[in-house]
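Work through the exercises below with the model open. Try each task before reading its solution.

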Amino acid sequence: MSTLSKRPVNPVVGASEPHESAVGHVTGRALYTDDISTVRRDALVAWPVQSTQAHALITALRTDRALAVPGVVRVLTADDVPGHNDAGIWGDEPLFPTEVMYYGHAICWVLGESTEAARLGAAAVEVEYETLPSVITVSEAIAAGSFQGTPRVSRRGDIDAALSQAAHVFSGEIETSGQEHFYLETHASLAYYDEGDQLYVQCSTQNPSEAQAVVAHVLGLPRNAITVQSLRMGGGFGGKETQPHGLAAVAALGATLTGRPVRLRLNRTQDITITGKRPGFQMTWTAGFNDDGLLVGLKASMTADGGWCLDLMQAVLSRALCHFDNAYWIPAVEVHGRIVKTHKTSQTAFRGFGGPQGVLLIEDVFGKAAPALGIDPAELRRRNFYAPGQATPYGQVVKDAERMPKIWSKLLESCAFERRQNEIAAFNDSHAHVKRGLAITPIKFGISFNASFFNQAGALVLVYQDGSVLINHGGTEMGQGLHTKMIQVAATALGVPRSAVRLAPTRTDKVPNTSATAASTGADLNGAAVKNACDQIRERMAVVASGLLGVNPADVRFSDGAVTGLGAAEQLSFAEVATAAYLQRVQLSAAGYYRTEGLHWDQESWTGSPFSYFAFGAAATEVEVDGFTGAYRTRRVDIVHDVGDSLSPMIDVGQIEGGYVQGAGWLTLEDLRWDTSNGPTRGRLLTQSASTYKIPSFSEMPEEFNVTLFDEAHEEGSIYGSKAVGEPPLMLALSVREALRQAVGGFGPAGHPVTLASPATPEAVFWAVDEARAATQAATTQSAMTPGTTTQGTSTAAAVTTDSEQPPSLTPERSSILANP
């Protein structure tokens, strides 16, 4: 067992500890960026002037009337930028554009003494446009040849031969919607200078180092002149990985030009209309199965909606192309991926990156093929699991592949899957207008950044003479419990109680050159860096303690605040050893560092081992669908998930529950709608508030929600044997989509393949039910015309779903109904 994964006696990790800011969250004492801003009574407020065109050249920008508004101090434009007028990572995101690229694009910013003054000033700015052609949908972009980034392809074997020889071939098409992050705290930044001309930026960001880099780039300053702090975020979900940094640069520019603090906080409508989303994907597939139900080949294409700039879309597409296999062995593969450029907000990181879209593709394959093959969907999925020793399409051996069948079996047993299937069948037989469905789906999710150089982290740990401990690390807290885990890691590594450890906010002047807290790597990377720093200090203190106890340094033990030696009668406190170390001039601080070993990736050949390990899990979901309205409710959810040896079980269970619910929102509720008409508001986001964009609420929660952490799950080589938990559970929500497919199938004839739109909103489910009923009617009519036939038999595998078959909700008539409820 590695020293990184081995736990000492009486570890603090593994205990179900509450979130370190839980009391502050529920009492309102926990501070966020804008809370800090309000303390600065001299702070100016920034307000954007947003484009009313989807794509246009700015031919005139007049600010005189805005400057005449009482309380307006300045209007920031491109002419004010002393460095580079760009806030992106690819050089394609001008901070102050001369060509607006989407409806709502921020053109300039007004600084006012109050929010009202800044708002009125922004309303007084005059903008003239030369309208240019715009591309709003993925289909429009494909037709126009509007692409960006580099297309990629994942290949293995001879896909054409595999499909031509397959006993059963099926095809399908699915288009996913995007998803708004809808974090509770909108984007916020505060910028000000101290007496030494050091620029401080308090920013709600998942990536303080990148915020520092962007601000330096815009202002033309070295990075050591800028300190960025991320105290905590009120949610992030990937939406604060790149999106905050241009906003931070605006606040920093305003502070630089006026000499006063500048506060920038987007309201909800501004946040939704300015910042990036989860990208929608348009996907087509053809899959071949043999007579035993084994998948022999998959040929597919993924076209991602990249929005107006590239942002993180290259990495999002990479993640999708590395996860279309999910937990299944596919001998022959050819999957193409590309990114279109549309005149919408940028499309960016969102929990799971491109993984959910990739997993959705393969689960759609199994969901549509199972009825035609006459094989239970749960059994069809099980038959196709990876076996030990098998590798992904990109060549990485699936370590611990045997865990997936164990998790599957444990879940089937614990949720009484077979018994409930029989009960649901009986219920459906006796209810003509209400049907239930039960489905189980797996997840295999790779952990690490695809770009290997991001897989590093730093930490700073300080031990004081009284034995108290202060830690800094490069990760950011967005409610996910990372800081809680880091406190537990430090307490375990130093052998002190949790109460002895405090954590300082994440700052670039304490830990430099950090990676974003993203890709589910926060605890893995930063935990290992914290442990590395603690190990350095403990080893020095062990030498001091050995002299006091009269034992060899290797025989010194630290546990629960006590320091003992093997065979020594005396016991010292951690504080006593810390004091003795100070008196002996022994360093009691350390900078820790960690880099993930064993990663390699060649994106040209699309091969390598980009992931440190895989996280496994499975979920079973039961739903009930009303055939009259398409409305549904989630009756029960059961999850078994692999988090290794959990660092903090209460935190991990909360992440699993939250991830599932957020995934269910993406798949069933959250429907971004853009104006695709040719009218004056073309390109405008129609769902730009909580009244029009529906996220999961208490009414969508399952009536019964059971989460079990998989045991026998120690992860060798990871911090104290744990595994990441942030992103993988989101994809467990595919079980709710497949359960809806099962329930809708109950309205149709046996073996009828069900096509569901994504998201599967109640409207979309209604149209799917309508189609299923029509299939029943057609089968009944055919049966009446053909003596001796029955509509209840299992359809043959010759029944093929073709690319030409469209989800009912995508037909022109129904699209019109859905777009204009």
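**Exercise 1.** Decide whether Gln-212 is buried or exposed, and find its contacts.

*Solution.* Start with the accessibility. Gln-212 counts as buried because its relative accessibility is 9%. The cut-offs: buried means under 20% relative accessible area, exposed over 50%, and partly exposed in between (1.4 Å probe, protein chains only). Gln-212 sits in helix H7, residues 208-219. Helices (H or I, at least four residues) and strands (E, at least two) are DSSP runs, numbered from the N terminus. Now list contacts, meaning heavy atoms within 4.5 Å. With neighbours within four places in sequence left aside, Gln-212 touches Arg-223, Ile-226, Val-228 and Thr-508.

The model is predicted: local features need pLDDT of at least 70, side-chain atom pairs count only at pLDDT 80 or more, and totals for chains, interfaces and linings use all residues. Residues are numbered from 1 along each chain as its sequence is written, and side-chain values use heavy atoms, without hydrogens and water.

**Exercise 2.** Examine phi at Asn-326 and at Arg-585.

*Solution.* Recall the background first. Most residues other than glycine have a negative phi, and most peptide bonds are trans. Asn-326 has a positive phi of about 45°. Its loop runs between helix H10 (313-321) and strand S15 (332-340). Asn-326 is buried, at 0% relative accessible area. Arg-585 also has a positive phi, near 60°. Its loop joins helix H17 (574-583) and strand S24 (589-595). Arg-585 is exposed, because its relative accessibility is 81%.

**Exercise 3.** What kind of peptide bond joins Ser-758 and Pro-759?

*Solution.* Check omega: about 10°. The bond is cis. Then locate Pro-759: the loop between helix H19 (734-745) and helix H20 (762-785).
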